[in-house]
Amino acid sequence: MLLLVRCLLLALLSSLLVGSALACGPGRGFGKRRHPKKLTPLAYKQFIPNVAEKTLGASGRYEGKISRNSERFKELTPNYNPDIIFKDEENTGADRLMTQRCKDKLNALAISVMNQWPGVKLRVTEGWDEDGHHSEESLHYEGRAVDITTSDRDRSKYGMLARLAVEAGFDWVYYESKAHIHCSVKAENSVAAKSGGCFPGSASVHLEQGGTKLVKDLSPGDRVLAADDQGRLLYSDFLTFLDRDDSAKKVFYVIETLEPRERLLLTAAHLLFVAPHNDSGAPERRALFASRVRPGQRVYVMVERDGDRRLLPASVRSVTLHEEATGAYAPLTAQGTILINRVLASCYAVIEEHSWAHWAFAPFRLAHALAPGATAPAGIHWYSQLLYQIGTWLLDSEALHPLGMAVTSS
């Protein structure tokens with residue numbers, strides 16, 4: 001039966017699919033590099049992947065310089081790893097500041113260096129730059145790039161050092177100079193950086209039989225509060241998790257509203273519905289990536305008055321990043337929408353077109369109606385992986401949530 005369902009879905013996709021969507025990006029285990037049996041050093045001036053640094057396939061576009069007095073300075077975190085030597089020629093500690101993704105990759109590389117050459121450590125000659133020493137729009141200005149050597153400064157090792165950086169997960173590695181290797185990573189708000197489930201385990205939903213339930217505890221047969229295209233509340237069948245990781249510790253966007261006061265945590269590429277600027281004569285609601293929602297915009301929040309429930313626009317008071325929570329879940333409902341912590345959200349992500357995404361999942365909903373199944377096992381759902389792959393073939397990169405590209409203000 002499962003094989004029949006898959007064949008049906010593939011046939012429908014080939015004839016119907018014009019857009020695609022994914023729960024929250026390629027995620028864990030999808031598109032990982034295959035480790036070669038024998039590591040081959042990079043050649044001088046070689047870069048991996050073989051595309052420009054600030055493109056979709058590498059570290060993505062420049063987002064803007066981060067200064068100590070800018071709001072984005074909180075995106076940087078210091079690296080005090082004793083297994084890494086920081087040159088810090090400015091004597092300000094700037095070279096130790098970097099994004100969390102850059103820090104994670106650098107720490108992984110430090111271990112590889114010690115394993116490759118016992119007694120040798122990783123050395124960082126340039127990290128975050130606040131003094132304008134690099135070229136225009138350098139990722140050093142965002143704490144997303146580092147220049148590295150080995151502690152013994154043995155240049156014969158640098159080709160292999162570059163290869164180790166690739167294996168450590170840096171999104172772009174360049175044997176730039178005889179004196180150093182340049183490495184960079186995708187932006188923190190990119191899909192790749194925030195891959196995995198869309199909501200934390202502490203998120204709650206409203207059940208048709210009454211009460212609430214943690215999203216992590218949802219199971220087939222549950223009917224949860226959602227909304228239709230006109231904003232009318234209704235209950236919809238929970239179908240499956242498009243992504244689920246019970247033990248993950250993820251960093252989420254935190255969106256807080258003014259009145260009523262609600263708080264929602266979700267990943268950068270997840271879609272959230274935003275109300276028109278004016279109630280009169282304005283276009284209908286639209287779905288935005290969470291990373292594009294800004295204070296002053298209005299999201300839809302459920303209010304209860306005299307026993308009546310309805311959705312009302314609520315102004316966003318603040319949007320912050322870097323709140324860690326346990327568990328990562330992307331629930332899918334038949335309606336394609338869901339109320340999480342009383343805030344209306346889409347079930348989809350990656351492509352900023354909720355209607356396209358919902359349409360792309362029509363074959364899955366049909367198959368589920370014909371042959372209801374159990375909740376998908378942990379990890380990325382196979383259908384989401386399939387749609388993501390098709391989407392990368394069919395859609396222009398600008399249509400997808402940036403894999404390291406900048407997310408511009410709305």
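Strand β8 (residues 180-184) is mostly covered, with 5 of its 5 residues buried; here buried means under 20% relative accessible area, exposed over 50% and partly exposed in between (1.4 Å probe, protein chains only). Strands (E, at least two residues) and helices (H or I, at least four) are DSSP runs numbered from the N terminus. The model is a predicted one, in which local features need pLDDT of at least 70 and side-chain atom pairs count only at pLDDT 80 or more, while totals for chains, interfaces and linings use all residues. Numbering starts from 1 along each chain as its sequence is written, and side-chain values use heavy atoms, with hydrogens and water left out.

The cover on β8 extends to both faces. His 180, His 182 and Ser 184 sit on one side, Ile 181 and Cys 183 on the other, and all are buried. As for partners (two strands pair if DSSP finds at least two bridges between them), β8 runs antiparallel to β6 (residues 145-150) over 4 bridges, and Ile 148 has Ile 181 of β8 as its bridge partner. Strand β7 (residues 172-177) is also antiparallel to β8, joined to it by 4 bridges; there, Tyr 174 stands opposite His 182. With 2 residues between them, β7 and β8 make a hairpin.

Elsewhere in the chain, Thr 99 lies in the loop between β4 (97-98) and α2 (100-116). Thr 99 counts as buried because its relative accessibility is 2%. Setting aside neighbours within four places in sequence, Thr 99 is in contact (heavy atoms within 4.5 Å) with Glu 75, Leu 76, Thr 77, Glu 142, Gly 143, Arg 144, Val 185 and Glu 188.
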